[in-house]
Amino acid sequence: MRRRSPTNFPSEQMEKGTGKNQNTRICFLASLSICFWMLLLYFHFVVLGSSSAVDQSGKLEVGPMYSDSQPILVTDLPPQMEKPKPKPSDPVTSDPQVEKPKVDNEPKHVPVTSDAEVGKVDGEPKPTIVPVTRKIGPLVETTPSREAEKYPFMRALRTVENKSDPCGGRYIYVHDLPPRFNEDMLKECRSLSLWTNMCKFTTNAGLGPPLENVEGVFEDTSWYATNQFAVDVIFTNRMKQYECLTNDSSLAAAVFVPFYAGFDIARYLWGFNISRRDAASLDLVDWLMKRPEWSVMGGKDHFLVAGRITWDFRRLTENEQDWGNKLLFLPAAKNMSMLVVESSPWNANDFGIPYPTYFHPAKDADVLIWQDRMRKLERKWLFSFAGAPRPGNAKSIRGQIIDQCKSSKVGKLLECDFGESKCHSPSSIMQMFQSSLFCLQPQGDSYTRRSAFDSMLAGCIPVFFHPGSAYAQYTWHLPRDYTTYSVFIPENDIRKKNISIEERLSQIPPEKVKAMREEVINLIPRLVYADPRSKLEIFKDAFDVSVQTIINKVTKARRDIVEGRTDDNFIEEISWKYALLEEGQREVGPHEWDPFFAKQKDGNGDSGEAAKNSWENEQRQHS
């Protein structure tokens with residue numbers, strides 16, 4: 001019997017064991033394969049699916065890496081609004097919704113689009129600005145900035161930092177108002193005043209007919225018979241020439257409303273009920289509040305111009321006998337800034353701008369020639385006054401001023417009696433001012449008068465008797481230190497103390513007089529309105545100064561909102577004091593002029609009566 005080799009048994013056992021191990025390994029590998037595919041499918045559908053959603057909502061791109069964060073402006077249009085189509089003149093980019101960052105770190109604005117293409121329908125929301133950033137390293141997801149959602153003016157605010165854009169921080173958006181708010185009034189110019197044919201004064205872009213230089217008082221060009229209430233149309237026509245207009249309101253530093261508020265109220269001040277007087281103002285506010293531009297700041301970035309005194313727009317009651325309309329008391333209008341030729345010292349939504357003069361330079365040379373001529377004039381009168389007494393006003397000092405002019409050998413008087421008078425002749429007025437060192441400017445029917453600007457245009461140093469006539473009025477256009485260009489004699493010094501004006505002015509040293517006159521002459525460009533059909537290159541006129549100050553005001557308000565600054569201590573009834581504060585000051589206290597602005601218990605009764613008297617005097621002048 002042959003025996004098996006002892007080594008064969010282990011070999012068979014090994015072969016049987018090896019078969020079992022191979023089956024186990026195959027099952028293990030199959031399980032691993034199934035797990036791998038499950039994980040792969042999960043990663044594809046769940047992880048990559050959510051990432052794709054983020055990419056689509058944020059429009060993130062894999063692009064060049066930068067050492068610093070770069071802002072990208074993404075315009076996220078609402079679904080109900082079509083994506084704007086670029087105009088032929090507009091630059092075309094590969095992605096109209098995304099402006100890619102540039103290496104120079106300069107923020108750029110996207111091309112301007114028209115209102116007809118974006119948000120022209122009343123009540124539609126404007127594009128939302130969504131900042132997205134790229135940083136060095138892997139792609140970084142970012143969510144829409146809370147700041148951009150909360151402050152829709154951020155895009156406009158960022159343009160201030162764009163030093164390569166000459167209009168950065170200076171863009172103005174002009175509302176395209178229906179013609180009933182402006183142009184239609186000019187077509188019916190005969191209805192703008194009961195006693196004055198305003199049609200001739202609305203010619204030449206609002207400057208009126210040219211003045212003939214028969215007596216050599218003016219220059220041969222740039223002088224016009226401008227009506228003192230024509231600022232509405234002059235300012236609007238100047239705005240048409242503004243170099244930084246934009247059709248994209250999201251870029252705008254401020255929004256201009258070309259409503260002829262002064263012309264509107266002038267039509268209905270006499271013989272019309274309050275419903276008629278208020279109609280256009282209520283219509284305007286209703287129109288504005290439906291616009292998407294209004295919702296950006298609730299109208300606080302809007303401004304308009306009215307070439308009349310503020311009291312024509314501040315009717316306090318619904319009494320038919322009360323004066324004017326209530327435009328400036330409408331809740332929406334309180335948010336806007338209204339530029340008027342005389343503002344209220346007790347309200348914060350109106351600001352004084354100069355009355356128009358007869359001089360409207362078309363080029364810088366016109367200004368330089370006139371300034372040089374005013375420096376060389378021989379002035380034979382120490383002081384002069386052009387005006388009429390106010391016998392019905394017990395507070396007026398005009399009667400005493402006229403008496404002092406008549407009794408002085410160095411004083412000149414141009415009496416403005418009602419009817420035909422040299423006082424109504426531009427050449428007679430300017431000729432007297434050009435021959436005087438000082439020009440007396442007491443209150444008119446209200447605080448202010450056009451004569452103050454006519455006199456300074458002639459290089460004559462103004463003498464004021466009430467701070468409301470200039471110092472608290474025209475803080476945008478005149479120096480805070482009034483002693484550099486004018487003389488102040490309090491009304492009570494004339495009314496009660498019977499101070500001699502001649503004696504007071506004679507005490508000023510000749511060197512001081514010369515320096516003051518030079519300051520007045522240097523101020524001329526910013527006190528006149530340049531010809532709207534031309535443009536000054538060197539000088540800034542009254543329009544330029546006004547627009548820039550409005551822009552500064554709105555920009556400050558926006559920064560205060562972003563930085564969380566509030567002015568809880570602001571007291572509107574003493575708003576005149578805040579205009580006199582130095583840069584950086586925020587608190588006001590007792591002031592030497594407090595007695596001049598002690599508000600009457602009956603509200604603006606005196607002021608409303610003053611406005612009414614102004615119109616009655618205009619009636620007599622043209623009767």
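For these notes, an axis is a line fitted to C-alpha atoms, for helices over the stretch in contact, and an angle runs from 0 to 180 degrees between N-to-C directions. Helices (H or I, at least four residues) and strands (E, at least two) are DSSP runs, numbered from the N terminus.

Ground rules first. I am working with a predicted model, where local features need pLDDT of at least 70 and side-chain atom pairs count only at pLDDT 80 or more, while totals for chains, interfaces and linings use all residues. Residues are numbered from 1 along each chain as its sequence is written, and side-chain values use heavy atoms, with hydrogens and water left out.

**Entry 1: helix 9 and helix 15**

I looked up how helix 9 (residues 364–376) packs on helix 15 (residues 510–527), and found an angle of about 160° with the axes 10 Å apart. That makes helix 9 roughly antiparallel to helix 15; angles over 145 degrees count as roughly antiparallel, under 35 as roughly parallel, 65 to 115 as roughly perpendicular and the rest as oblique. The crossing of these two, helix 9 and helix 15, is right-handed, a term for the near helix being turned clockwise from the far one by less than a right angle, with anticlockwise giving left-handed. On the helix 9 side, I noted Val-367, Trp-370, Gln-371, Met-374 and Arg-375 making the contact with Glu-518, Ile-521, Asn-522, Ile-524 and Pro-525 of helix 15; contact means heavy atoms within 4.5 Å. By class, the residues of this contact are six nonpolar, two polar and two charged. Here Ala, Val, Leu, Ile, Met, Phe, Trp, Tyr, Cys and Pro count as nonpolar, Asp, Glu, Lys and Arg as charged, and the others, Gly among them, as polar.

**Entry 2: helix 6 and helix 7**

Next I checked helix 6 (residues 261–268) against helix 7 (residues 274–289): their axes come within 9 Å and cross at roughly 160°. That makes helix 6 roughly antiparallel to helix 7. I also noted a right-handed crossing for helix 6 and helix 7. Asp-264, Ile-265 and Tyr-268 of helix 6 meet Arg-276, Arg-277, Ala-280 and Ser-281 of helix 7. I sorted the residues of this contact into three nonpolar, one polar and three charged.

**Entry 3: helix 5 and helix 16**

For helix 5 (residues 231–239) and helix 16, I found axes that come within 11 Å and cross at roughly 75°. That makes helix 5 roughly perpendicular to helix 16. Phe-235, Arg-238 and Met-239 from helix 5 meet Phe-543, Asp-544, Ser-546 and Val-547 from helix 16. This contact divides into four nonpolar, one polar and two charged residues.

**Entry 4: backbone check**

I then turned to phi. Ala-205 is not a glycine, yet has a positive phi of about 60°; I placed Ala-205 in the loop between helix 4 (183–187) and helix 5. Asn-498, also a residue other than glycine, has a positive phi near 55°. Asn-498 sits in the loop between helix 13 (491–495) and helix 14 (501–506).
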